[in-house]
Amino acid sequence: MTDCVLRGRLVLEDSVVDDGIIEIDGSTITRICPVSNYDAALPEASDSTFLPGLVDVHCHGGGGESFPNAETAEAALVAVMEHRRHGTTSLVASCVTASADVLRRRAATLAQLANDSEIAGIHFEGPFVSHERCGAQDPTYIIDPDPSLTLTLLKDCQGHALSMTLAPEKPGAYGPGSVAEALIDGGALPSWGHTDSNSVMARQALEYSRERFAEVKTKRGPRATITHLFNGMRPLHHRDTGPVAEFLSDAARGGAVVELICDSIHVDPTLVRDVYEMVGREHVVFVTDAMAAAGMPDGEYTLGPQDVVVRDGVARLAQGNAIAGGTAHLLDCVRVAVTRGGIPLVDAVYMASAQGATILGDDTIGSLAAGKKADVVEVDAQLNVHRVWRRGTVVA
């Protein structure tokens with residue numbers, strides 16, 4: 001007997017069913033179909049829209065708690081639940097640049113949550129990044145790429161490391177014996193970003209990523225990612241091109257997947273639309289880059305070793321005024337993409353769900369389809385959350 005039958009507008013991977021049915025049995029979706037094809041008792045019609053559970057592959061916290069600062073799994077779970085209640089049913093916990101000892105402790109704590117299937121993976125944003133484009137990364141702890149430390153962190157993550165942000169211009173970032181090699185061979189992804197690179201090194205790093213992925217069998221990849229495109233990198237200029245054009249070119253040629261923080265603060269929604277039109281939804285993933293203030297009022301917070309002040313929903317370092325992560329939920333990014341960027345709902349949802357699942361290498365999440373995990377988000381016409389199911393259980 002089916003545990004739950006939902007009826008409403010369904011946003012599938014490539015289409016919208018105006019009046020459809022979702023059957024859930026236990027933790028699994030067992031059937032998706034239009035009402036006209038349903039041969040059992042019908043639930044009452046509803047005005048609800050059902051989306052797949054969203055997948056955020058770059059998130060630092062929420063609900064007042066920060067992954068880079070969480071010393072216990074219980075503290076980190078507060079942030080997980082903040083986003084889960086708002087539709088993100090699979091989340092990658094992101095650290096920030098810190099000392100090796102701190103990064104190792106955070107990796108061990110977050111690995112507990114990953115082992116319990118509370119988070120989908122772990123992302124290290126640094127410490128092998130650019131001083132010039134460090135953004136909210138504390139320059140005190142930025143170091144040159146260290147393959148040995150990378151391998152240690154991968155071990156601490158117990159197989160749950162998804163990615164690491166690194167700058168291609170740093171010595172030992174890519175090539176034989178590099179951090180990129182250690183990541184790819186260890187089942188994780190290089191995520192190029194926080195960089196002052198020129199175009200030459202950016203292209204070489206991406207080409208090396210492709211070559212190494214072709215040599216190593218891993219569920220991750222075979223595409224590198226770009227950490228929050230435009231943010232934390234040398235801007236595009238027609239005589240001093242920097243890395244942005246190379247990142248876009250590689251994505252357009254079937255390579256990298258570019259992260260975009262579509263919260264209307266980090267990147268203008270019309271530029272998000274332009275990137276989507278240039279490289280296609282298959283090479284864009286929406287992320288929040290959220291920190292502890294997501295879902296919380298304005299005030300004072302921390303992001304790793306740095307103090308942050310949030311005013312009018314914008315997080316900035318208390319010293320230096322750099323933007324210090326986001327305060328949105330991933331569903332907010334979908335709403336901005338649709339209402340302000342003019343991106344079709346199907347594609348906006350894809351970039352916030354199926355794309356993240358592809359990056360994770362997890363074919364059990366990311367879309368509404370029979371056999372997938374029962375991760376479902378019920379929203380109204382304005383994309384406000386009504387209910388969230390994770391693995392078939394209502395969490396909000």
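Student: Which way do β8 and β9 pair, parallel or antiparallel?

Tutor: Parallel, in this predicted model. Strand β8 covers residues 88-96 and strand β9 covers residues 121-125. Five bridges hold the pairing. Within it, C95 stands opposite F124 of β9.

Student: And what sheet are they part of?

Tutor: An open sheet of eight strands, with parallel pairing. The order is β5-β8-β9-β10-β11-β12-β13-β14.

Student: Which strands sit at the edges?

Tutor: β5 (54-59) and β14 (284-286). Each of these pairs on one side only.

Student: New topic. What does UniProt list as "active site"?

Tutor: D289, and the entry is unreviewed. That label comes from the record.

Student: Where is D289?

Tutor: In the loop between β14 and β15, the latter being residues 299-303.

Student: Is D289 buried or exposed?

Tutor: Buried. The relative accessibility of D289 is 6%, so it falls under the 20% cut-off.

Student: What does D289 touch?

Tutor: Leaving out residues up to four places away in sequence, D289 touches H58, H60, E125, H228, I261, H266, G325 and G326. H60 also has a polar contact with D289, side chain to side chain, at 3.0 Å.

Student: Let's move to α1. How many residues does it have, and how far does it reach?

Tutor: Helix α1 runs over residues 73-84, which makes twelve residues. From first C-alpha to last it reaches 16 Å. That is close to the 16 Å expected at 1.5 Å a residue.

Student: Which residues of α1 are buried?

Tutor: A73, A75, A76, A79, V80, E82, H83 and R84.

Student: What covers them?

Tutor: The cover includes strands β5, β6 (61-62), β7 (65-66), β8 and β19 (385-390). Helix α2 (100-115) is in that cover too.

Student: Stay with α2, then. Where does A107 sit, and is it buried or exposed?

Tutor: A107 is in helix α2. A107 is buried, because its relative accessible area is 0%.

Student: What does A107 touch?

Tutor: I122, F124, D156 and C157, again setting aside residues up to four places away in sequence. F124 is the residue that stands opposite C95.

Student: And how far is A107 from K155?

Tutor: Their C-alpha atoms are 9.1 Å apart. Along the chain, the two residues are 48 residues apart.

Student: Now the hairpins. How do β15 and β16 pair?

Tutor: Antiparallel, over five bridges. Y301 stands opposite V308 in β16. The hairpin has two residues between the strands, and G304 takes a positive phi near 65°.

Student: What about β16 and β17?

Tutor: Strand β16 (residues 306-311) pairs with β17 in the antiparallel sense, over four bridges. V309 has R316 as its bridge partner. V310 stands opposite A315. This hairpin has two residues between its strands, and D312 takes a positive phi near 55°.

Student: Which side chains of β17 are buried?

Tutor: A315 and L317, which point to one face.

Student: How does β1 pair with β4?

Tutor: In the parallel sense, over two bridges. Strand β4 is residues 49-52. R9 stands opposite T49 there.

Student: Last topic, the whole chain. How many helices and strands does it have?

Tutor: Ten helices and 20 strands. The radius of gyration is 20 Å, close to the 21 Å of the globule rule for 396 residues, so the chain is as compact as a globular protein of that length. The C-alpha trace spans about 65 × 40 × 40 Å along its principal axes.

Student: What share of the residues is buried?

Tutor: 57% of the 396 residues.

Student: And the contacts between residues at least 6 apart in sequence: what share joins residues at least 24 apart?

Tutor: 70% of those contacts.

Methods: Residues numbered from 1 in each chain as written. Predicted model: local features only at pLDDT ≥ 70, side-chain atom pairs only at ≥ 80, totals over all residues. Heavy atoms only, no water. Pairing = 2+ DSSP bridges. UniProt positions renumbered as here; feature names shortened; annotations may be inferred. Buried < 20%, exposed > 50% of the residue type's maximum accessible area, 1.4 Å probe, protein only. Contact = heavy atoms within 4.5 Å. Polar contact = N/O pair within 3.5 Å; in protein donor to acceptor, adjacent residues only side chain to side chain. Expected span 1.5 Å × (residues − 1). Rg over C-alpha atoms; globule rule 2.2 N^0.38 Å.
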